[in-house]
Amino acid sequence: MTSLVSTEIEWPSLSEILGVLTLQSGFNTTVVMIGVTLLGIAAGVIGTFAVLRKRALMGDALSHASLPGIATAFLVAVALGVQGRSLSVLLLGATISGILGVLVVHFVSRHTRLPEDAAIGAVLSVFFGAGFVLLSIIQYLGTGDQGGISKFIYGQTAAMSVSDAAIIGLVAIIVTGATAGLFKEFRLVCFDPDFAETQSWPVAAIDLMIMALVVVVTVIGLQAVGLILIVALVIIPAAAARFWSERLWVMTLLAAVIGGASGYLGAAASALFPSFPAGGVIVLVAGFFFMVSLLFAPARGVVAAGLRHLMLRVEIGSQHVLRALYEAEETGRVGAGGDIAISELGEARRWSAAWFQFLLRWLSGRSQIERRAERIALTEFGRHEAYRVTRNHRLWEQFLITYADLAPSHVDRSADYVEHVLSPEMVAELERELAEAGTLPRPAAMPASAHPIAAGKVAEGRAS
Amino acid sequence: MMLTVQDFLQIDFPAMLAALFATVSCGLLGNFLVLRRQSLMGDAISHAVLPGIVLGFLLAGSRATWPIFLGALGAAIVAAILIELVRRFGRVEPGTAMGVVFSIMFAGGLVLMEQAAAHSVDLDAECVLYGQLEDILWLEATGWGSLIDPVALAGMPREVGTLAVITAITVAGVALFYKELKITSFDPALATTLGIPATVFHFGLMLMVGAVAVAAFEAVGSILVIAMFICPAAAARMLTDRLVLQLWLSVLLAAIAAIGGYLVAAFGPFLVGGEHSLAASGMIAVMTGILMGLSVLFAPRYGVVSRKLRERRGEAGLETADLA
């Protein structure tokens, strides 16, 4: 382990870091950074649709399947005496065998009993194996250019030339342009392919268009990040963007930004630390964005969801306390000052002591209850809220008895699940329905409880 | 080229044995992956073990078996758990969750490996990705007699020993928990009502997949392991509806692919006048693919060609029936 954290890593100075980040660190570095950033943007944009269409790992099959194509193109080029190193020849081979791989996956999963994931895995590994066999032939041919091919496996960002970057830029423009132009079609196919089919949209053609754009991005990305990791640039920015927004165009934009930023920062890092492989660093930066999004995105992030869940529990718990207090008043179990012993109220439900204390503090903090030593009482404001909560509960109970044929002794618990989320519109609707059915004497009245309210009664209810 | 018995036993025999054990244990477990639609877990886990392998190597300072094995197994478990967490908390579909987790872990492994490689030439990406089947040598072998000579057998390369142990464990595990694996694969809900914990078996299976993938990666490499997991099982699935038969068939096909693939790679080029053998691990993967392709097309009942033929015959039968 000591050798791992050796002192050989030279930390760059601040001015070096700023120099790289502001694209003033030499022509080559600048070209690479621009190229990789554009690649990240293109991958993020089309990745959004690949992920939403659940085609994430199809990209993986595609990129692995490109290896035999690259090797074959090299062999053919050598045999014909063409310059084997020519990038366009190799990329043509990559495209052909990548597409062939996708077609095989499609054929197997559509025409046999095997599931799509088995087809993807089989194509990915068998094509890669074939590529590896071909590589061993190239190695023995002794043309000495195996290194030129193995850079496609791990990527060799530093070798990017101006024309490579220009091609990536062109592809980025094509991908973004096509996506913008076909945005409505892509959206429909991603979210409701069945509906699109019934509306006689060319779903297959639109799918093909998405896959074709994925192919293009994958192929031009091979050289920069390598065929094992290019799929990461397609999937990760889109998956990260998914946490931030429910709106497709926002998600697409964010995926582009995250993809671009991953490329930019990753390329900068590998320029500053030449011993780090750029492909890996770019994916790790993207992975960092993903982690941050997964945890902290306000719309769908884990922390935000946890907080919302907790808030809902507090809300429901305090509504139960309010109702217990209201029903205590109703049945005359309160003292002269309208108060009740905390211990007596606590018996009404299986609240744990700590949670009950927390709810009481929460309610007095919102001045809905008033604490008097060991006793509590509703405030005027709290009684208003308690009235509303209890009424919702009983309206829903009545509804369940009248329309869902539930026995009065069982409705208390069923009502517990729904009463907290009744909107004013639904309450109005309930009042109307129940008045028509004759169970509610006057629209504004508090319905009587469907079951006897005893001190221990609600203990059957769901413990919150 | 003349092939002496000694050469065969020293060079080809251990490699074939390693390939055989690797494909058989992968092929057997692969049946349950294919049935559960979790084929790509094999893919994900075999990529995700890379950082574990490198860490095990760095901590041990050498290519000793156990630290690397434990590191890889740890990484496999971490990957399985992370995939489950991302899927559940991130509410994304399983393919995306796998893709995110394994590519990040693989990238991490790659970066770590570059660091490690700067200090030692002993570990390189090639050996992890493609395996080193050709480097598994049994130098103690002198002739056929060595096969029953305990002294010579003790000199069997450790990769073969590890793979033999793993294969035995896999076979025993599948035989022992056959009923549970079958029910949890076909009907997890039924399994739960029968009191069989589906989650325990999910992670148990993942653990076995991780262990097998790690043991096999040295021989055949991490990406080609995926072919061993999926192709024999998928081919067998095309051939039969009965699970027991499917398991036996997958083992048989895996063995054919291992032996056949190795022989083609090692001796095929010489038959056509070449001078060098080909990459054996790649050829074995290709062989599993060929076997799968054949069963996809020509399986008697479910094959694409046979179904087309039956359809045509059926149509012809209908027409004659109409005319009559």
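Chain A splits into domain 1 (15–297) and domain 2 (306–460), with bounds that come from an automatic or database domain assignment. The centres of these two domains, taken over C-alpha atoms, sit 57 Å apart. Keep in mind that this is a predicted model, where local features need pLDDT of at least 70, side-chain atom pairs count only at pLDDT 80 or more, and totals for chains, interfaces and linings use all residues. Residues are numbered from 1 along each chain as its sequence is written, chains are lettered from A in the order in which they are written, and side-chain values use heavy atoms, with hydrogens and water left out.

**Where chain A meets chain B**

- On the chain A side, 56 residues are in contact with 64 residues of chain B, contact being heavy atoms within 4.5 Å.
- The size of an interface is often given as the accessible area lost when the parts come together.
- Here the buried area is about 5,300 Å², and carbon and sulfur atoms give 75% of it; buried area is the accessible area (1.4 Å probe) that two parts lose on being put together, summed over both.
- In chain A, the residues that lose the most area to chain B are A:Arg113, A:Phe132 and A:Tyr154, together 14% of what that side buries.

- H5(A) gives the most to the side of chain A that touches chain B, with 16 residues; helices here are DSSP runs (H or I, at least four residues), numbered from the N terminus.

**Two residues to look up**

- A:Val133 lies in helix H5 of chain A and is buried, with a relative accessible area of 7%; buried means under 20% relative accessible area (1.4 Å probe, protein chains only).
- Not counting residues up to four places away in sequence, A:Gln223 touches several residues, including A:Leu87, A:Lys151 and A:Phe152.

How values were computed. Helices (H or I, at least four residues) and strands (E, at least two) are DSSP runs, numbered from the N terminus. Buried means under 20% relative accessible area, exposed over 50%, partly exposed in between (1.4 Å probe, protein chains only).
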